[in-house]
Amino acid sequence: MSAKDLMRMEKIVLEKVCWKVKATTAFQFLQLYYSLIQENLPFERRNSLNFERLEAQLKACHCRIIFSKAKPSVLALSIIALEIQAQKCVELTEGVGCLQKHSKINGRDLTFWQELVSKCLTEYSSNKCSKPNVQKLKWIVSGRTARQLKHSYYRITHLPTIPETVP
């Protein structure tokens with residue numbers, strides 16, 4: 001396969017996705033919403049919301065396949081709204097409402113995803129989730145597959161060593 005073939009294939013893929021290759025992620029919405037909320041907080045309350053904690057919560061949610069169906073903006077706002085409730089930052093609930101309105105997020109959708117996020121984070125922080133089952137994390141490969149992998153390793157053509165020249 002030549003570089004020209006790769007370029008042609010890349011062009012075909014880009015045309016199929018209508019040249020829209022930059023999707024806004026839940027993490028980007030989380031950053032945006034966090035910065036907007038921080039602007040509205042008095043200076044002495046700015047430490048009440050911890051971005052690293054919000055990011056960790058988002059990562060925990062991304063470990064569940066169900067959250068791949070959530071709109072990134074809704075997922076990010078759900079996490080922030082739940083954290084604001086947990087921290088009892090009553091003065092920020094209006095800010096969440098404004099973000100919801102400007103992002104055109106349906107109230108039912110927000111409530112639905114907040115419940116799922118809450119359930120996920122509760123399970124994630126429970127003892128049940130603290131240590132993975134090591135047995136489930138092992139790859140089990142059949143003997144036939146192992147032989148095929150072994151043979152395919154020897155078929156790899158090794159590149160010649162590039163000589164180093166000292167100027």
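**Group meeting: core and salt bridges**

Start with Arg53: its relative accessibility is 43%, so this residue counts as partly exposed. On this scale, buried is under 20% relative accessible area, exposed is over 50%, and partly exposed is in between, with a 1.4 Å probe and protein chains only.

Ground rules next. This is a predicted model, where local features need pLDDT of at least 70, side-chain atom pairs count only at pLDDT 80 or more, and totals for chains, interfaces and linings use all residues. Residues are numbered from 1 along each chain as its sequence is written, and side-chain values use heavy atoms, leaving out hydrogens and water.

Back to Arg53. Its side chain meets that of Glu83 in a salt bridge, 2.8 Å from N to O. Arg53 is in helix H3 and Glu83 in helix H4, so the pair ties together parts 30 residues apart in sequence. Glu83 is buried, at 3% relative accessible area. The term salt bridge here needs a side-chain nitrogen of Lys or Arg within 4 Å of a carboxyl oxygen of Asp or Glu. Helices are DSSP runs (H or I, at least four residues; strands are E, at least two), numbered from the N terminus.

How many salt bridges does the whole structure hold? The search finds four. One of them joins Glu123 and Arg64, at 3.0 Å, N to O. Glu123 sits in helix H6 and Arg64 in the loop between H3 and H4, so this pair links parts 59 residues apart in sequence. Glu123 is partly exposed at 23%, and Arg64 is partly exposed at 30%.

Glu55 and Lys59 also form a salt bridge, at 3.7 Å, N to O. They are four residues apart in helix H3, so about one helical turn separates them. Glu55 is partly exposed at 21%; Lys59 is exposed at 51%.

Now the inside. The largest nonpolar core has 33 residues, and Leu30, Ile37, Leu75, Ile79, Ile84 and Val117 have the most contacts inside it. Such a core is a set of buried Ala, Val, Leu, Ile, Met, Phe, Trp, Tyr and Cys residues joined through side-chain atoms within 4.5 Å. Helices H2, H3, H4, H5 and H6 each give two or more residues to this core. Which helix gives the most? H4 does, with nine residues.

Look at Ile84. Beyond four places in sequence, Ile84 touches Ile37, Leu49, Cys89, Leu92, Thr93 and Val96. Contact means heavy atoms within 4.5 Å.

Last, Ser78 in helix H4. Buried or exposed? Ser78 is buried, at 0% relative accessibility. Its contacts, again beyond four places in sequence, are Leu110, Trp113, Gln114 and Val117.
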